[in-house]
Amino acid sequence: MSRLLERDRGLVWHPYAALDGPAPYAVRAADGVQLDLEAGDGRRFTAIDAMSSWWCAIHGYRHPVLDAAVHAQVDRFSHVMFGGLTHEPAVRLAEELVRLTPEGLRHVFLADSGSVSVEVALKLAVQYQAATGRPGRRRFVALRGGYHGDTTGAMSVCDPVDGMHSLFPGLVSDQVFLPRPPAAVLADGTVADGSGVDDWITLAERTIATFADEVAAIVVEPVLQGAGGMFAYSPRCLTALRELADRHGLLLVADEIATGFGRTGARFGVDHAGVEPDVMCVGKALTGGYATLAAVVCRTRVAEAITRSPQRALLHGPTFMGNPLACSAAVASLSLLTPALEERVRGIGTELEAALAPAAGLASVKDVRVLGAVGVVQLDGPVDVQAVTRAALERGIWVRPFRDLVYTMPPYVCGPDEIAAIGAGIAGAVAEVHG
């Protein structure tokens, strides 16, 4: 494995890392919720994956149902083009997505990844506005603090200051941004209204009214902003945005890539507010981490407008659209999202609150918060990523901190003892490195 790390260095770009940066850890095996890792110095670690491999491996690794689904599909065919062809895994997946997502969402576009699904949603919104006689509506309203992906269109609706806007002048489109909503107050594991929500809604009303004739859609991560800071906000803000979209003829796009399929304690983030979006993007947990796949699900009135347009089609068509292996994994993953598993996610939230509570007493910790199966320890300054990662590994936990956050989104199959170990590992690592 040390030879593997030597071959990797300077050759392979890792996410948000320099080619000559700190060496990654080599994965020897992954099973259940455990990773078998080796460091550059030859030390080996067995660790609970507290990250669900960036939030997608919700059922853990080598799950027998997912393994069987992929193996069975390989024996049939691994890929065919989706242009002019269809197949059972894609149709079955679309049927399941329509069944699981809010009632009015009835049409499915299969995409390659979360970022691509956002790109498709943006193009869909612009095409919809043109098809309904408003071709000048080509901009988007988004929230400060948001994150929607790393491709160009998706970057444009990410936070314009703390995100990636400033590095790409002239490439990323100029959008309309609302302030980040007030932080939610979490009481007994539920989301309650925070102070300042009424003032925020008033500002949103004024801003959207000013730019409505230029705007195609409002794009939001419902209730929880993920990579923008693991920030929870009041569902009342979603309710207000739904009303404003209806008032001004805008689409409401819900980016549920991180929040979907139970992660926030509800099936989807929009369920906290009881609102139905016009367009929903899903990904990450969709395949249980087995393959890259995402989807865009939309209302019938949106799909019908596209069908009546001169183009008659949504103008996007990835080469690997509807990949049978990925669709088979997704159907299997969704079959595991039983009411019992959804209840287990809520139990994980309660367990995380107890497990992370000791971190609140550390001098370096600014805040500890939990929403569903998301636990966050926010420091009073930037986290030492390498040191905290290593300290957590010494305690049998794999985490990937960023900015000022050490957080966990554990697999749904973690038991109470594993959640307790995750909390103790995070608190212990922060205490060791930051005090």
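Leaving aside neighbours within four places in sequence, W54 is in contact with P15, K284, R400 and Y407, where contact means heavy atoms within 4.5 Å. This is a predicted model, in which local features need pLDDT of at least 70, side-chain atom pairs count only at pLDDT 80 or more, and totals for chains, interfaces and linings use all residues. Residues are numbered from 1 along each chain as its sequence is written, and side-chain values use heavy atoms, with hydrogens and water left out.

W54 lies in helix α2, residues 52–55. Helices here are DSSP runs of H or I with at least four residues, strands are runs of E with at least two, and both are numbered from the N terminus. The relative accessible area of W54 is 39%, so W54 is partly exposed. On the scale used, buried is under 20% relative accessible area, exposed is over 50%, and partly exposed is in between, with a 1.4 Å probe and protein chains only.

Now the two partners of W54 that I want to look at, K284 and R400. K284 is in the loop between β13 (279–282) and β14 (294–299). With a relative accessible area of 29%, K284 is also partly exposed. Beyond four places in sequence, K284 contacts W54, W55, C56, I257, A258, G289 and L293. The K284 side chain reaches the backbone oxygen of W54 at 3.4 Å; a polar contact is a pair of N or O atoms within 3.5 Å, and within protein one must be able to donate a hydrogen and the other to accept it, with residues adjacent in sequence counting only if both atoms are side-chain atoms.

R400 sits in the loop between β17 (397–398) and β18 (405–408), and its relative accessibility is 30%, which counts as partly exposed. Leaving out neighbours within four places, R400 touches M51, W54, V385, Q386 and Y407.

What does the record say about K284? An unreviewed UniProt entry places "modified residue: N6-(pyridoxal phosphate)lysine" there. The UniProt record, also unreviewed, puts "binding site" at W54, Y147, K284, G317 and R400. Those positions span 347 residues in sequence and the farthest two C-alpha atoms are 33.4 Å apart, so they do not all gather at one spot. UniProt positions are in the numbering used here, feature names are shortened, and annotations may be inferred rather than shown by experiment.

Next, helix α10. It covers residues 324–335, twelve in number, and spans 16 Å from first C-alpha to last, close to the 16 Å expected at 1.5 Å a residue; the expected span is 1.5 Å times one less than the number of residues. Is α10 mostly covered or mostly open? Mostly covered, with ten of its twelve residues buried. Among the elements covering those buried residues are α3 (64–76), α4 (88–100) and β4 (105–111). At the N-terminal end, N323 caps α10, with a side-chain oxygen 3.2 Å from the backbone nitrogen of L325.

Last, the interior. A nonpolar core is a set of buried Ala, Val, Leu, Ile, Met, Phe, Trp, Tyr and Cys residues joined through side-chain atoms within 4.5 Å. The largest has 135 residues, and L93, L97, I218, M230, L241 and F261 touch the most other members. Helix α5 (residues 114–131) gives the most to this core, eight residues. Outside four places in sequence, I218 touches V141, I208, L241, A245, L250, L251, L252 and V253.
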